[in-house]
Amino acid sequence: MNASPHTAQAPLIQLLYTSHLAPSARISDMAVIARASRLRNAEQGITGSLVFDGQRFGHYLEGPEAALLGLWQKLREDSRHHQVVLRHHAPLTHPRRFASSSLGYALAQDESALDPLDEAWGEPAVAALVAALACCV
């Protein structure tokens, strides 16, 4: 029997990127994107959370390496956002942060909630995103 893409044997990685909403994109598309992403991520064993402040995204993902790297390629090519910056990419050496969510989505009420991510890299970037999530309603 072939192993599914999210078996326990598959190496797990984590990544975090930031980006800006493209001028041609519509904020109203976010719900449709989130719904489709939740289904696709669940099928591939990908979990994570996305914070959106109306203009910027902070997106943390964790999952099987092959599935996550394939998703990362698609995200980089998605025309609905630009200025895509990879802020963290590493093996997942701890339990998943968002194990119960194929795509958590939070709308930041404070437009400065994602500011700390502008200069953060690695685990400090992840900590900044988690802090931004705590401020979301």
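User: Which residue in β3 does T47 stand opposite?

Analyst: Happy to start there, with a note on the ground rules. This is a predicted model, where local features need pLDDT of at least 70 and side-chain atom pairs count only at pLDDT 80 or more, while totals for chains, interfaces and linings use all residues. Residues are numbered from 1 along each chain as its sequence is written, and side-chain values use heavy atoms, with hydrogens and water left out. As for T47, its place opposite in β3 is taken by E62.

User: How many bridges join strand β2 to β3?

Analyst: Strands here are DSSP runs of E with at least two residues, helices are runs of H or I with at least four residues, and both are numbered from the N terminus. Two strands pair if DSSP finds at least two bridges between them. Strand β2 covers residues 47-52 and runs antiparallel to β3, and the number of bridges joining them is 6.

User: And how many bridges join strand β1 to β3?

Analyst: Strand β1 spans residues 12-21 and is also antiparallel to β3. The bridge count between β1 and β3 is 9.

User: Which residue takes a positive phi in the hairpin of β2 and β3?

Analyst: That hairpin has 3 residues between the strands. The phi in question is near 100°, and the residue is G54.

User: How many residues of strand β3 are buried?

Analyst: Buried means under 20% relative accessible area, exposed means over 50%, and partly exposed is in between, using a 1.4 Å probe and protein chains only. Strand β3, residues 56-64, is mostly covered. Of its 9 residues, the number buried is 9.

User: How far apart are the closest N and O atoms of R56 and D53?

Analyst: A salt bridge is a side-chain nitrogen of Lys or Arg within 4 Å of a carboxyl oxygen of Asp or Glu. R56 and D53 are both buried, and they form such a pair. Their closest N and O atoms are separated by 2.9 Å.

User: How many residues apart are D118 and R56?

Analyst: The side chains of D118 and R56 meet in a salt bridge, at 3.5 Å from N to O. This pair links distant parts of the chain: D118 is in the loop between β5 (104-107) and α3, R56 is in strand β3, and their separation is 62 residues.

User: Why does D118 count as partly exposed?

Analyst: R56, its partner in the salt bridge, is buried because its relative accessible area is 12%. D118 falls in the partly exposed class because its relative accessibility is 37%.

User: Which parts of the structure does the R97 and E123 pair tie together?

Analyst: The side chains of R97 and E123 meet in a salt bridge, at 3.0 Å from N to O. The pair is 26 residues apart in sequence, and the parts tied together are the loop between β4 and β5, which holds R97, and helix α3, which holds E123.

User: Which residues is L133 in contact with, leaving aside its neighbours within four places in sequence?

Analyst: L133 sits in helix α3, residues 123-135, and is buried because its relative accessible area is 19%. Contact means heavy atoms within 4.5 Å. With those neighbours left aside, the contacts of L133 are S49, V51, F98 and A106.
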